[in-house]
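Have the structure open as you read.

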Amino acid sequence: MATIEECRSALERLADNMAGADGDVREAAALDRSLSCRITDLDVTFVGRLEDGRIRVLDTLPGPPREKAQIRLTMSGADLVAMVDGELHFAKAWGSGRVKLEASVLDLFRLRKLL
């Protein structure tokens, strides 16, 4: 089980990876949307924004998100760390239900390039 600090660090590494991306990945990440990442086993939610191709975490809240973000992720802390470390493929985790991604149809269409 990952700690809150490990999860925050994983989100920061993901943000750095997205900021340094080129081409289709950079274009897909160039949304300006509210974002939440619920870590089920720690019962916390990271809230922030996806803007200018980067994730900016604004707060860490206990429990489920209080407001509905435009892009919502739900997973365990270990899965978040494994995905960012390249040990777990997002599409496989999403297809098996280990990771949930909720967003508008248009945002999902753009985000598929990241997956």
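Which residues line the largest cavity? In this predicted model, the lining consists of Leu 11, Leu 35, Ser 36, Cys 37, Phe 46, Val 47, Gly 48, Ile 55 and Val 57. Strands E1, E2 and E3 are the elements that each give two or more residues to this lining. By class, the lining residues are 7 nonpolar and 2 polar, with no charged ones. The cavity has a volume of about 40 Å³, and the count of cavities of 30 Å³ or more comes to 1.

Now turn to the second largest pocket. Around it you will find Ser 34, Leu 35, Ser 36, Val 47, Gly 48, Leu 58, Leu 61, Pro 65, Arg 66, Glu 67, Lys 68 and Ala 69. At least two lining residues come from each of strand E1 (33–39), strand E2 (44–51) and strand E3 (54–62). Which element gives the largest share of this lining? That is E1, with 3 residues.

| Space | Volume | Lining by class |
|---|---|---|
| Largest cavity | about 40 Å³ | 7 nonpolar, 2 polar, no charged residues |
| Second largest pocket | about 180 Å³ | 6 nonpolar, 3 polar, 3 charged residues |

Finally, look at the helices. The axes of helix H1 (residues 4–19) and helix H3 (residues 77–84) cross at roughly 30° and come within 9 Å. Why do H1 and H3 count as roughly parallel to each other? Angles under 35 degrees are given that name, so H1 and H3 are roughly parallel. The crossing in which H1 passes H3 is left-handed.

On the H1 side, the contact is made by Glu 6, Cys 7, Ala 10, Leu 11, Arg 13 and Leu 14. H3 brings Gly 77, Leu 80, Val 81 and Val 84 to the contact. Sorted by class, this contact of H1 with H3 has 7 nonpolar, 1 polar and 2 charged residues.

Notes:
Residues numbered from 1 in each chain as written. Predicted model: local features only at pLDDT ≥ 70, side-chain atom pairs only at ≥ 80, totals over all residues. Heavy atoms only, no water. 1 Å grid on protein atoms, 1.4 Å probe; cavity = no way out; pocket = protein on both sides within 12 Å on 5 of 7 lines; lining within 4 Å. Points joined across faces, edges and corners; volume = space filled by probe spheres on them. Helix = DSSP H or I, 4+ residues; strand = E, 2+ residues; numbered from the N terminus. Nonpolar A, V, L, I, M, F, W, Y, C, P; charged D, E, K, R; others polar. Axes fitted to C-alpha atoms, helices over the stretch in contact; angles between N-to-C directions. Parallel < 35°, antiparallel > 145°, perpendicular 65-115°, else oblique. Left-handed = near helix turned anticlockwise from the far one by under 90°. Contact = heavy atoms within 4.5 Å.
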